[in-house]
Amino acid sequence: MSEEQQTGDGAMTVIGVSFGNANSSISFTGSDGNVDIIANQDGDRSIPSTLAYVKEDEYHGLQAKAQLIRNSKNTVTNFRDYIGKQFSEIDPTYSHRSAHPVENAGKVGYQLDVLPEEGAEPKFFSVEEVAQIHLRRLRESAEDFLGKPVTGAVLTVPTDFTQKQREELKQIATEAGIPVMQIVSEPVAALLAYDSVTYGAFPKDRIVVVADFGYTRSDAAVIAVRGGMYTVLATAHNYELGGASLDETLADHFAKEFEKKNGIDPRKESARSIAKLIAECEVTRKTLSNSNSSTISIESLAGGFDFHSTINRLRFEMLARKQFDNAVSLVEDVVKKAGLDVLDVDEVVLVGGSAQTPKILSRIEAIFPETTKVASPSGKALNPAELIARGAAVQASLIAGFEQSDIDESLQPLVANAPHLAKSVGVVTADGSFVPVLESYTAVPIRHSAVFEVPAEGGDVLVGIYEGEREIVTRKVESIKEDKDEEDDLDDEEEFSDEEDEETREKVLKPATKLAEAVVKGTKAGGKVEVVINITADLKVSVAVREVGSGAVRGELPAAEVQK
Amino acid sequence: MAAVLPSAAPDAAEFTTFGSLTALVPRAIEPLGPQYLSHARRVLRGRTWSEDERIQSELNVKSVEDVDGDDEEEEEEDPAMLAHDPKEWKSQDHYAVLGLSKYRYRATDEQIRRAHRKKVLKHHPDKRAQAGNAEDDGFFKCIQKAMEVLSDPVRRRQYDSVDEAANVAAPSKKSKGNFYKLWGAAFEAEGRFSKKQPVPTIGDENSTKPEVDHFYNFFYNFDSWRTFEYLDEDVPDDSDNRDHKRHIERKNKAARQKHKTEDTARLRKMVDDCLSIDPRIKMFKEAEKKAKEQRKWEREADARKAAEEAKKAKEEAEKAAKEAEEKAKEDREQAKKAKESAKNAKKKNRRVVKGAVKDANYFVEGTASGAAIDAALSDCDAILEKIDDSALAEFVKKLTGLSDAGAIKAVFGETAGALGGSWKVVA
């Protein structure tokens with residue numbers, strides 16, 4: 001990292017960079033604490049991670065994406081996932097319509113025609129070089145906007161990025177003139193952005209599913225938020241699901257329609273026909289997220305014929321049903337992987353451009369109970385396509401004031417790895433129900449308190465400290481619709497939701513293991529009792545119970561253990 | 001509302017333990033967010049939860065104290081000021097009303113805000129009502145007016161522009177005392193109007209010339225934000241007499257312009273005055289004069305030195321020429337002498353040679369006939385004619401000491417052979 005800039009005037013210019021496979025975003029936190037996404041020179045806030053060469057001219061972003069139609073073999077896109085990988089490890093599915101990845105001296109790269117002379121040998125660009133050019137362009141856009149050199153950045157990567165890939169990305173970014181302060185996981189960054197807008201510095205304790213529907217891939221993660229700290233419980237990935245697969249579905253549909261009209265299949269006609277069709281399908285899909293129907297019109301799609309058609313949202317949703325099923329099963333999988341039930345999930349945050357598809361939202365809402373809040377794309381602050389970049393900017397502004405050595409120190413496993421409570425710890429109240437003081441998945445050391453009321457008449461109060469257990473109670477509901485159900489049996493669509501109506505499932509917290517009992521003597525009528533549970537780093541558990549305004553009853557539990 | 005706890009059996013022990021927690025699961029916390037930073041701080045500094053809370057709250061308290069902790073004594077409130085008519089707010093000293101008269105234009109917004117709060121707490125009509133004089137809220141209005149003016153950056157500048165109490169009168173030219181102290185205060189007060197900050201200070205007797213020059217240049221090219229709107233006559237806001245209103249506006253504008261011009265002229269005169277009696281300027285002038293003389297002397301010294309050197313060079317050149325001439329003369333004489341001696345030597349040699357011919361009895365046996373003598377002598381003459389000086393000397397050297405006619409003839413023969421030509425006898 002460049003020294004003189006750091007020590008220059010002391011003021012740090014830090015940005016957040018979300019480097020996606022298909023699109024990237026840059027963001028910064030303004031002096032008023034508001035996060036803004038920076039538009040590049042073309043005015044795009046979502047900058048396609050695409051690079052194209054026409055002879056020696058270099059194109060980037062949307063301009064490069066336009067080259068996919070005419071100049072696909074010199075256009076590179078969807079290269080982020082190749083960083084730090086061997087040729088044998090990469091999946092070039094999404095490079096079919098752009099420059100193909102090739103292997104050269106053990107490195108993945110592309111042969112691009114960048115020399116001005118006719119018939120010159122194509123030049124080899126490694127993925128690292130391409131990424132470096134892309135990041136440099138992003139940095140230049142940010143610097144143009146901010147008017148100051150960038151002195152630090154937080155980059156985001158998917159949860160399945162290996163340590164090697166992270167190191168590689170850090171190196172590339174540094175070479176592109178972006179001093180990397182920290183590399184963070186995409187879902188957690190998105191959640192941080194969501195929380196900082198929704199809850200401020202102290203987010204509510206809850207279990208969140210972050211579902212990221214991108215262009216080429218979709219990722220989901222279950223994250224426990226405890227005391228403002230985020231712990232990833234499980235992650236799941238689907239490399240075939242995303243905007244690209246939805247576009248493909250639309251393209252198939254329109255291609256069939258075109259073939260019926262003109263007798264030519266544009267998918268078999270030429271690479272250019274496919275590129276044109278896909279590009280327009282992407283526009284159509286995005287339009288369908290906002291309106292009920294959309295038109296598509298492509299000049300000279302294949303065989304010199306123009307193509308015009310319309311499609312409504314319902315039709316699209318039927319066509320893409322398989323993709324939506326995949327989206328639902330991705331979320332269900334990740335919840336299962338975390339060893340949880342959908343009832344345990346308090347909130348779902350949808351991330352990524354494709355999450356703006358209304359059907360994805362409604363299908364995911366359907367699998368969760370009504371108590372689960374599904375954060376739908378709404379408002380500027382919560383644009384799902386920008387959440388990750390926003391989170392990176394929030395994190396960047398948080399650590400901007402620290403020395404790089406302090407940041408690195410805080411990232412050590414010693415700090416980041418901590419034992420987490422397996423079960424919640426709480427108090428049993430008069431009616432026998434369990435009220436947690438410490439939720440499960442809480443990292444220790446922790447100190448938390450809760451306030452309880454004493455019985456109306458006061459006197460001696462018993463505080464039973466228990467470990468809680470979550471139980472799913474299934475309760476049959478006296479279905480009045482049972483007869484109706486049989487009539488509607490043929491209607492497949494309806495059956496699913498009706499079955500849900502038959503029984504309700506409920507999450508109940510029950511006291512499981514008794515840990516301790518404390519007695520507060522002689523409380524006043526209408527008084528309050530505070531229970532403080534403190535678990536230290538060496539796993540000593542101490543409990544202090546006191547009536548608010550008087551001395552405490554203290555006790556210690558036998559020290560806990562960490563699972564091997 | 002919080003849940004209700006059960007009652008305890010009367011004989012229950014205070015604290016009983018039954019079991020321990022289920023084994024904890026090691027997991028990685030994502031290193032993100034404000035709370036993670038606190039967590040990292042706790043772990044890295046080895047603090048417990050409560051310790052960290054205490055240390056952080058201490059830090060917070062400290063920073064709050066920094067903001068709020070001014071225990072400075074309050075200024076005396078002048079009874080005349082307390083009795084000021086709030087309608088005449090333009091003539092009141094807003095800083096004095098808020099008790100900031102020692103700060104004036106230097107007061108920060110924060111100080112003003114705090115001073116206002118303090119004064120409001122003290123003079124609020126409700127407080128006064130408790131004291132029994134409820135009707136008297138004139139000074140409270142003054143406070144509000146002062147805050148109104150001073151909290152608005154534009155109006156505050158307008159007030160600062162005409163804040164006489166912050167002005168420091170320029171000392172007269174004849175005033176005695178410390179020049180730097182007297183004028184420095186005046187210029188410092190003047191400097192508050194500069195758009196360019198920081199303003200250079202007058203310095204002291206040790207200031208360098210560039211510093212002093214910069215100071216005067218700054219004030220000669222003074223870029224002032226001083227405006228005189230505050231002195232405007234109130235423009236009537238009734239719409240029934242627009243002409244009158246416009247007349248007043250014009251008058252105000254002209255008055256502002258006039259004030260501004262006067263102010264510029266005043267400042268200029270002040271700088272002129274200061275410059276004219278600045279001891280450093282005198283000092284610099286003297287120093288410059290001295291330096292000039294010094295330079296002149298140095299320059300002349302150079303000339304002197306050059307002349308001296310030229311003279312010396314000339315003398316040397318003359319001397320050298322003379323020596324050369326003498327040497328040439330000597331050489332000539334020497335050459336002449338050598339020539340003469342060479343001539344003498346030649347003559348002598350010739351004599352030796354001729355003598356040798358005679359010694360060799362003209363290269364014949366017995367008595368030499370006249371013809372033989374002639375032939376021998378003519379050969380000898382021919383040899384002597386042909387031979388050069390060095391060969392002659394060699395020849396003579398060979399002949400010297402020889403008395404045997406044969407040997408002499410052999411030498412002659414050899415020499416003649418070397419010379420070539422036809423010989424009658426010697427060959």
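In what order do the seven strands of the open sheet stand? The order is β19(A)-β18(A)-β13(A)-β14(A)-β15(A)-β2(B)-β20(A), with mixed pairing. This is a predicted model, in which local features need pLDDT of at least 70 and side-chain atom pairs count only at pLDDT 80 or more, while totals for chains, interfaces and linings use all residues. Residues are numbered from 1 along each chain as its sequence is written, chains are lettered from A in the order in which they are written, and side-chain values use heavy atoms, leaving out hydrogens and water.

Helices (H or I, at least four residues) and strands (E, at least two) are DSSP runs, numbered from the N terminus; two strands pair if DSSP finds at least two bridges between them. At the edges of the sheet are β19 (373–375) and β20 (417–420) of chain A, each pairing on one side only. β20(A) is joined by four bridges to β2 (residues 25–30) of chain B, and the two run antiparallel. Here Pro26(B) is opposite Pro419(A).

Across β13 (206–213), β14 (218–226) and β15 (229–238) of chain A lies α10(A). The helix runs at about 135° to β15(A) (axes are lines fitted to C-alpha atoms, for helices over the stretch in contact, and angles run from 0 to 180 degrees between N-to-C directions).

A nonpolar core is a set of buried (under 20% relative accessible area, 1.4 Å probe, protein chains only) Ala, Val, Leu, Ile, Met, Phe, Trp, Tyr and Cys residues joined through side-chain atoms within 4.5 Å. The largest has 51 residues, of which Val209(A), Phe213(A), Leu350(A) and Phe368(A) touch the most other members. Helix α10 (residues 321–337) of chain A gives the most to this core, seven residues. Beyond its neighbours within four places in sequence, Phe368(A) has contacts (heavy atoms within 4.5 Å) that include Val209(A), Val331(A) and Val335(A).

Definitions and conventions:
Buried < 20%, exposed > 50% of the residue type's maximum accessible area, 1.4 Å probe, protein only.
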